[in-house]
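Q: Could we go through the packing inside this model together? I'd like to start with the core and then move on to other things.

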Amino acid sequence: KPFAVEVLVERVRAAARTPTAASRQVELGPASMIIGNDPAIVEVYNAVARVAPLPIPVLVRGETGTGKELIARALHRYSAHPEGPFVPINCGAIPDTLLESELFGHRRGAFTGADRDHRGAIEAARAGTLFLDEVGELTAALQVKLLRFLQSGEVRAVGSDRSLEVPVRVVAATNRNLRAEVAEGLFREDFFFRLAAYEIVLPPLRERRSDVALLVEHFRRAHAERLGLDLQTTVSA
């Protein structure tokens, strides 16, 4: 403790339903854009395979440039509803005054300039995946609103008097240590535990140096194809 009992129960259920790594493997290479076979990144593949089919929120944590959105897209691709939409929202790139509307939508006349109804990202991601990038940037007020959505599965647009049930899988990403921020009172504990029903931590490349050669070859081929160059061109160390 402390933990939310319902989150603990869901994690136990998830463990009981989890397929073995041998029975469900994440596809590697350009199709998923996840490159590497170092044990550290293979554990990430296994984590994706375990949790992707389960309808629970996932928090992806890692330094900038480690591929958090790639993992989010892999979770969507191997989810129970890969045909559904994948809707990314960068929580750190949208002003606080607009982010609520971007997430929840708004009704015409809800505020100055709202001259038409607007469907928010949550509703747009119905039967698919909502990806909240840079989730650590959310204000306390928006954390409360998203917590209510995660608890109820219902969304209410700004200016609306009714709620709408929206089935959607939430994947969030951050380069911050939210557990430490919770301990310091900088991030809501209840929201964190709802958001991190399952947590995947991405290792930086310096911790899986055996993958450098694979990545160099991957990017060499990608850029050669894009530029129309001969693949026989060598790469100098």
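**Core, rings and cavity**

A: This is a predicted model, and its largest nonpolar core has 31 residues, of which L130, L132, V135 and F191 touch the most other members.

Q: Which helices and strands each supply at least two residues of this core?

A: They are the strands β2 (86-90), β3 (129-133) and β6 (169-174), together with the helices α4 (96-104), α5 (121-124), α6 (140-152), α7 (178-183) and α8 (189-195). The largest share, five residues, comes from α6.

Q: And what does V135 touch?

A: Leaving aside residues up to four places away in sequence, V135 touches L59, C91, A172, A173, T174, L178, F187, F191 and L195. There is also a second, separate core of 24 residues, which includes I41, A52, V60 and F131.

Q: Switching to rings, how many aromatic pairs are there?

A: The count comes to three. One of them is the tilted pair of F187 and F191, at 5.7 Å centre to centre with 35 degrees between the planes.

Q: Is F187 buried or exposed?

A: F187 counts as buried because its relative accessibility is 3%, and F191 likewise counts as buried, at 0%. F192 and F193 form an edge-to-face pair, at 5.3 Å centre to centre with 70 degrees between the planes.

Q: What volume does the largest cavity have, and what lines it?

A: The volume is about 70 Å³, and the lining consists of F104, R107, E123, V155, R156, A157, S160, R162, S163 and L164. By class, that lining has four nonpolar, two polar and four charged residues.

Terms used:
Residues numbered from 1 in each chain as written. Predicted model: local features only at pLDDT ≥ 70, side-chain atom pairs only at ≥ 80, totals over all residues. Heavy atoms only, no water. 1 Å grid on protein atoms, 1.4 Å probe; cavity = no way out; pocket = protein on both sides within 12 Å on 5 of 7 lines; lining within 4 Å. Points joined across faces, edges and corners; volume = space filled by probe spheres on them. Nonpolar A, V, L, I, M, F, W, Y, C, P; charged D, E, K, R; others polar. Core = buried A, V, L, I, M, F, W, Y, C linked by side-chain atoms within 4.5 Å. Buried < 20%, exposed > 50% of the residue type's maximum accessible area, 1.4 Å probe, protein only. Helix = DSSP H or I, 4+ residues; strand = E, 2+ residues; numbered from the N terminus. Contact = heavy atoms within 4.5 Å. Phe/Tyr/Trp six-rings, centres within 6.5 Å; stacked < 30°, edge-to-face > 60°.
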